[in-house]
Amino acid sequence: MRNWKFITTILLLGLANLLVAQKDVTYQTPPKAIADLIDAPLTPTVSIGPDEETILLLSQPGYPSIEEVSQEELRIAGIRINPKNNASSRAGYSDGMKLQSMSSGKARAITGLPQEARIQNVQWSVDGKKIAFTNNTATGVELWMVDVATAAAKKLTEAIINDAIGSTFEWLPDNQTILYKSILTNRGEAPKMPSAPKGPVVQANEGIAAPVRTYQDLLQNPHDADLFEYYTTSQLMTLNVATGKSAKFGEASMVGNVEPSPDGNYLLISTIKRPFSYIVPFNSFPQEWTIVDKMGKKVRMVADIPIAENIPKGFNATREGPRSFTWRADAPATLYWVEAQDGGDPKREVAVRDKMFYLEAPFSGEAKGGISFKFRYGGVMWGDGNLAMAFERWTATRQEVVSQWSPDKPMGSKLVVFDRLYEDRYNDPGSFETKRNQYGRNVLLTANDGKTLFLTGQGASAEGNRPFVDEFELDSKQTKRLWRSEAPYYEIPISIVDVTKGTLITRRESNTEPPNYFIRDLKTGKTRQLTNFDNPFKVLEGVSKELVKYKRADGIELSGTLYLPKDYNKDKDGPLPTFMWAYPREYKTADAASQVTGSPYEFTRISSGSPLFWITQGYAIFDGFSMPILGEGDQEPNETFVAQLRMNAESAINKLVEMGVTDRNRIGVGGHSYGAFMTANLLAHTDLFAAGIARSGAYNRTLTPFGFQSEERTFWEAPDVYNTMSPFMYADQIKEPILLIHGEADNNSGTFPIQSERFYAALKGHGATARLVMLPAESHGYRAKESIMHMLWEMNTWLDKNVKNRSANGKEIKP
């Protein structure tokens, strides 16, 4: 056993004095074949209207420039705000839209759209005759609307929309009124940082345990708190879209979410209050949840929730008091919520974890009690007065229970429909299908007087995912298969259009055909294509794709997707340099750990973070190869994390070498986030790989002491686990070249940029071959085109030098 305290102390003291070589590098571009894939046009996204006849096609721009990504932003209270337009600084957008008829296939251009449109927050009106959206400009956010009948767009407001947090706007059920959040017209300039502090920043705790995870972008001082209040304070406004007139609705406040009741006569509004916190993000700040009528008059304060800094430890821990507010979708105005009955502490042994409560309009009197939950409440799907589905989960056992109950008999008992392990994908019954009711809300889709429901799911199987549609009989709890995706296609059900006619909207793709939308007749099996999106990655045509199965040394069945270059001939070309990419996942049963993920018939698409770029450079790619970490019974998965990583990697490599497609001495491994953590551990504890690439990872688990990933225990409860899993502690054992890439503005919990900086310093201090690339202005995922191109250049250079051309140095890897 290593003396961890001694090693950590020596490293931390010594690293501060290391001379770190700096290299001035401008943004580079990878080989043309890789760059062309980044420049390929993006496929439009699709939104199906409430009438299930009109399709909205939203065109997607290319990657933003580094100038755009580097714009000023405030990183406060767990969010990032562009102070120039009072909106989220990192949200994606569309740059165009058009309408298409499902029945005729005819497309219509929308006239009057804003120039250089940056479209966000797209919402259909309840009747589907109008579409509202926001348009981000350099100085503010505007509200716009499209009339579906005329395909004409018009601006509804100037750039006054507050899009910093929560709901930006909501359609009311009358289809004529939009409730939106406006910045305050008289708010003046943003608070200025004092030239000198008024005093120290003090935090105090009076003996109350308050374990919290390592959140990023928290408030640091009173000035941050003032900025947060300034940019999140809104005035709610009603807008009549016919007349264009706006009117104030209630008083200005830090409005979070706004949700109209199904009948539109009431609204549920959450507001944030001081005091703020320096250790948790804004969604844990004090909140008030209030019901107001449609004139803005306060009807009732439902909950006054204090700051949530002392939530108990554990994945099923939650705050005390009311939470998870939801309007009953099939009733005019009935509000439901749940409250923890165990103090929010998963360690308490109680018969009931959560209990449901409700209030009916006009919301006078005491709240009434409803059904109870053995596990932690996970949501509800409404149907009618006789039927709703309630969901509950428990992380420690991976258990999920789905129960039916009658909302009109709220104190009645639940009837269990499904009781299963949610990690068991092969036996996942799917999700219940919904339809829109008279209020425009989604409710359970039924037939045969409510006796039959419909399930759709991914259909995980040993052959890969095969999506399906099932009938489900409530009385017998039996299912009947109506349809299942068949090779050579991967076809996903999107929406059941007509139960009687048996028509279904699907999205279909294959290895060679990009995803497109179809109408499928379940009775005849005939299909009609709705969209005709082109293949943006034609350069990948001819690439071989295969689902490869193999076994771990302990018998766990594993799999991965193998890609081989176009025209590759094993007998002629021999074994290839190989790049392997994975992400570890924890399981509690061997059956679940052995299950196949993905589908061999999915279209080969490339995102900016994909390893598939190197198929154009002569590499074999083994993507998403199984990396299960198993802990059955009382054993926690991470007790044997490193040993299982080794077994997973060894079995994958042995299979690829056995197939004759991989050169054992020329294998690189990589991953992003937890996959980067995996990569560093594999290089620290095995000699299987020629080199590694680790992007945006965490390498010292003592810096995430209150849990990480699926680890519930704290560092003080399991110090050996934290230390053994930390590749930082084994930096002296990493002898293979490792490339570290990290966004300087990473805001993911646990993956602070300092993780890569300190790990690189430890590697350098021990003479390792390592390179650290910090991408300016980038977060956990990289957005700017320059950043992505440079990342790919770095990775390509690293792989070519240390993997593809590795045989030149004569060094061999031990099998």
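I shall speak about one arginine, then a group of strands, and finally a helix.

Please bear in mind throughout that this is a predicted model.

Let me begin with Arg 274. This residue sits in a loop, with strand S17, residues 266-272, on one side and strand S18, residues 287-293, on the other.

Which residues does Arg 274 touch, once neighbours within four places in sequence are set aside? The contacts are with Ala 225, Asp 226, Glu 229, Met 254 and Pro 286. Two of these partners deserve a further word. The side chain of Asp 226 forms a polar contact of 3.0 Å with the side chain of Arg 274. With the side chain of Glu 229, the side chain of Arg 274 makes a polar contact of 2.8 Å. Along the chain, Glu 229 and Arg 274 are 45 residues apart, while their C-alpha atoms are separated by 9.0 Å.

I turn now to the strands.

What pairs with S37? One partner is strand S36, residues 503-510, which runs antiparallel to S37 over 6 bridges. Within this pair, Arg 508 stands opposite Asn 516, and a hairpin of 5 residues connects S36 to S37.

Another partner is strand S38, residues 527-529, which pairs with S37 in the antiparallel sense over 3 bridges. Here Phe 518 is found opposite Gln 529. The hairpin of S37 and S38 has 5 residues between the strands, and in it Gly 525 adopts a positive phi near 80 degrees.

Lastly, I come to helix H7, which covers residues 641-659. How far do its 19 residues reach? From first C-alpha to last, H7 spans 27 Å, close to the 27 Å expected at 1.5 Å a residue.

Several residues of H7 are buried, among them Phe 641, Val 642, Leu 645, Ile 653, Leu 656 and Met 659. The buried residues also include Gln 644, Asn 648 and Ser 651. After the helix comes Gly 660, with a positive phi near 85 degrees.

That concludes my presentation, and I thank you for your attention.

Definitions and conventions: Residues numbered from 1 in each chain as written. Predicted model: local features only at pLDDT ≥ 70, side-chain atom pairs only at ≥ 80, totals over all residues. Heavy atoms only, no water. Helix = DSSP H or I, 4+ residues; strand = E, 2+ residues; numbered from the N terminus. Contact = heavy atoms within 4.5 Å. Polar contact = N/O pair within 3.5 Å; in protein donor to acceptor, adjacent residues only side chain to side chain. Expected span 1.5 Å × (residues − 1). Buried < 20%, exposed > 50% of the residue type's maximum accessible area, 1.4 Å probe, protein only. Pairing = 2+ DSSP bridges.
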